[in-house]
Amino acid sequence: MKKGKLASIGCTLLLVLCMLCLSFDVHAEEDRKQIDGSYLTHESESVGYTTRMARGEDLMVGYSKCVRLANGNLYVGGSTLAAHTVERIGIAVLIERAKKEDTKWEGYDGWIVHETNADKLSTAKELKVEGGYYYRVVCTHSANDDMSDSSTDGVFIE
């Protein structure tokens, strides 16, 4: 009888310990700084995705990418994929930056590309950027009249 009671207490303690560990992970996630939906990270890269619009027939998916390279450089860009060949496909890329204490992103760089009679489009650049900021990429994807956005988390450049 004592063995059963000890086993029960042991299982209960293990369950409580697991619940405490999970709650710490949730609180750590909540404590991460976020500006306009993007977390500020020290990861080397971030990718943001969007999926086809509920009523859209042409735009399938789009993504934006921000990668920290050596010597204060960033690789930035994105891609737009249509569900089939469309008359017009496009992507507008906006690079934004912020400091940890900021409450909003500021525009840094950007460009727009488009193509006709295609089902995919990609664009990317390598940029030399100023250190001490988090940088993110926001893309607007379009296929004919369908449009959607994607954005990365902020990647820190020292």
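**Close-up views of a predicted model**

Figure 1. K120 has 52% relative accessibility and counts as exposed, because the cut-off for exposed is over 50%. The model shown here and in the other views is predicted. The side chain of K120 meets that of D119 in a salt bridge, with 3.6 Å from N to O. D119 is partly exposed, at a relative accessible area of 32%. The structure holds seven salt bridges.

**Figure 2. The overall fold.** Along the sequence the pattern reads α-β-β-β-β-β-β-β-β-β. The protein has 158 residues, and 37% of them count as buried. Take the contacts between residues at least 6 apart in sequence: 63% of them join residues at least 24 apart.

**Figure 3. A salt bridge across the sequence, D36 to R136.** The closest N and O atoms of D36 and R136 are 3.1 Å apart. D36 sits in the loop between β1 and β2 (38-41), while R136 belongs to strand β7; the two are 100 residues apart and link distant parts of the chain. D36 is exposed, with a relative accessible area of 61%. R136 is buried, at 4%. E96 joins D36 and R136 in a network of salt bridges.

**Figure 4. The salt bridge of R97 and E106.** Here the closest N and O atoms are 2.7 Å apart. R97 counts as buried, because its relative accessibility is 12% and the cut-off for buried is under 20%. E106, at 36%, counts as partly exposed.

**Figure 5. The largest nonpolar core.** In soluble globular proteins, nonpolar side chains tend to be buried together. The largest such core in this model has 22 residues. Those with the most contacts inside it are C66, L74, V76, V93, I95, Y135 and V137. Strands β4 (59-68), β5 (73-98), β6 (106-128), β7 (133-143) and β9 each give two or more residues to this core. The largest share, eight residues, comes from β5. L74 is in contact with C66, V67, R68, L69, K125, E126, L127, V129, Y135 and I157, leaving aside neighbours within four places in sequence. Another core lies apart from this one; it has six residues, among them I35, L40, A98 and Y134.

Figure 6. C66 is buried, at 0% relative accessibility. C139 is buried as well, also at 0%. The structure holds zero disulfides.

**Figure 7. T152 in its loop.** T152 lies in the loop between β8 (146-151) and β9 (154-157). Is T152 buried or exposed? T152 is buried, with a relative accessible area of 1%. Beyond its neighbours within four places in sequence, T152 is in contact with S38, S46, V47, G48, S64, K65, C66, R136 and V137.

Figure 8. R32 lies in the loop between α1 (2-31) and β1 (34-35). R32 counts as partly exposed, at 32% relative accessibility. Not counting residues up to four places away in sequence, R32 touches Y39, T41 and D153.

**Figure 9. A nonpolar patch on the surface.** Which residues form the patch? They are V47, Y49 and Y63, with about 290 Å² of accessible area together. Y49 is placed in strand β3 (residues 45-51). Y49 counts as exposed, at 60% relative accessibility.

Technical notes. Residues numbered from 1 in each chain as written. Predicted model: local features only at pLDDT ≥ 70, side-chain atom pairs only at ≥ 80, totals over all residues. Heavy atoms only, no water. Disulfide = S-S within 2.5 Å. Buried < 20%, exposed > 50% of the residue type's maximum accessible area, 1.4 Å probe, protein only. Patch = residues over 30% accessible without salt bridge, like charges linked within 9 Å, V, L, I, M, F, W, Y side chains within 5 Å. Areas by Shrake-Rupley, 256 points an atom, 1.4 Å probe, with all protein chains shown as cover. Salt bridge = Lys/Arg side-chain N within 4 Å of Asp/Glu carboxyl O. Helix = DSSP H or I, 4+ residues; strand = E, 2+ residues; numbered from the N terminus. Contact = heavy atoms within 4.5 Å. Core = buried A, V, L, I, M, F, W, Y, C linked by side-chain atoms within 4.5 Å.
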